[in-house]
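User: I am new to this structure and would like to see how its descriptions rest on their definitions. Please take me through them with care.

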Amino acid sequence: MKKYLQTKTTLLLMLLWLCCGMVKAQSNQFYDDAYQTIDNMVNDKQKYSFKDAVFSVENAYFQGKLDTVQLNNQVRFLTRFAKAIIANRELTYKQSDKDKVSKYAAVYSIMCQSLPIAVKDTVVQYKPFNYDFKDVFGHNDITNLFVSKLLMTKEGNCNSMPYLYKILAEELGVDANLALAPNHVYIKHQIKSDGWYNTELTSGIFPQDSWLMASGYIHLDAIKNGVFMKALSNKESLALCLFDLAQAYNRNFPDNDGGFVLKAVNRAIEIYPNFAKALILRAETHKAQFEKLMDKQNLSSTNPENIKKAQQDPKAKEIMELMTKEYTHIYELGYRQMPEEMYLDWLVSLKTEREKYENKKLLNNFTK
């Protein structure tokens, strides 16, 4: 009897240890801290810093091992470089907001242009950041979307490049508005000479809105509802960081219960109600929860009849109804999914059809 009790106690302790491990995965301190940092900025309990929000997400993914000291040093170097460009270059732009435009132009130059730099008695050529066409959606490695990867390799994509642009603009004391298109992030600015204009960092030009519409996947309802082509506020940009946090959490803990992911995306949606990617991730998380309930009932999700059977469970029925409403809402907002291959063709078209879409007046204003 004593031996039986010892064995039972050992099994209970092992079960408790396993459960604690699962709880740790579901409630990871690095992710909780990153969420709190961003949420505090949204609630004005902490000073707003897009840079800090972005690095907090990336640090959570790396479980506290991100070298933020080195990254901050690189950001400071690029900021000083931008200030040197401003001090040594006179733009042809003549409007009263020239000081602000000079800062935008300097960041654009750092991101997109080769520049001569005097180092003692030698002139070296500064090389700009390049678009990395490998794994542009981060399917194989989510860090391909990170600003830290961009800073370390000088190669990035339509996620990391506009993020870094916004970080550098804010370090110079000016705003930069992120904007969304299908599978894409870019920059919008408002200046006196042209009103709103677009900065496209993957190709280094200033495209007209017609290029965005040429994708064929921007429904007019999506524009009207602020799904695409909207100049996002700083707090709406923090909603993007919350989405990134949820997405990173899924990569770290692929078998999670959906609790943290839903917490992050629901907060993002509170801030930016028509944020399509967050709405989709919420619906997909509910779908994953529904499929887990089906697994518990030993029902294959590939059989439509089993989906009906699963809904005999009240919880499964509730999730299915919620998920159906969510997907319907996304469609009604005007969101349309753009195939990834088509996205890449559309992205390349900006270079191959540059003459057709480029705002040449802006390019002239951003030179001596």
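Analyst: In the lining of the second largest pocket, α4 gives the most, with six residues, and this α4 spans residues 68–88. This is a predicted model, in which local features need pLDDT of at least 70 and side-chain atom pairs count only at pLDDT 80 or more, while totals for chains, interfaces and linings use all residues. Residues are numbered from 1 along each chain as its sequence is written, and side-chain values use heavy atoms, with hydrogens and water left out.

User: What makes a residue part of the lining of the second largest pocket?

Analyst: On a 1 Å grid over the protein atoms alone, a pocket is an open set of points where a 1.4 Å probe fits, with protein on both sides within 12 Å along at least five of seven lines, and lining residues have an atom within 4 Å of a point. Twelve residues line the second largest pocket, and Phe81, Ala84, Ile85, Asn88 and Pro116 lie nearest its centre. Its space is about 370 Å³.

User: Which elements pack at an angle of about 35°, and how do you know which residues make the contact?

Analyst: Helix α10 (residues 234–252) and helix α12 (residues 276–296) do, with their axes 10 Å apart. Contact means heavy atoms within 4.5 Å, and here Phe243, Ala246, Gln247 and Asn250 of α10 make it with Lys277, Ala278 and Leu281 of α12.

User: Which element gives the largest share of the lining of the largest pocket?

Analyst: That share, six residues, comes from α10, and Phe243, Gln247 and Lys277 are among the residues nearest the centre of this pocket.

Conventions:
Axes are lines fitted to C-alpha atoms, for helices over the stretch in contact, and angles run from 0 to 180 degrees between N-to-C directions. Helices (H or I, at least four residues) and strands (E, at least two) are DSSP runs, numbered from the N terminus. Grid points are joined across faces, edges and corners, and a volume is the space filled by probe spheres set on the points.
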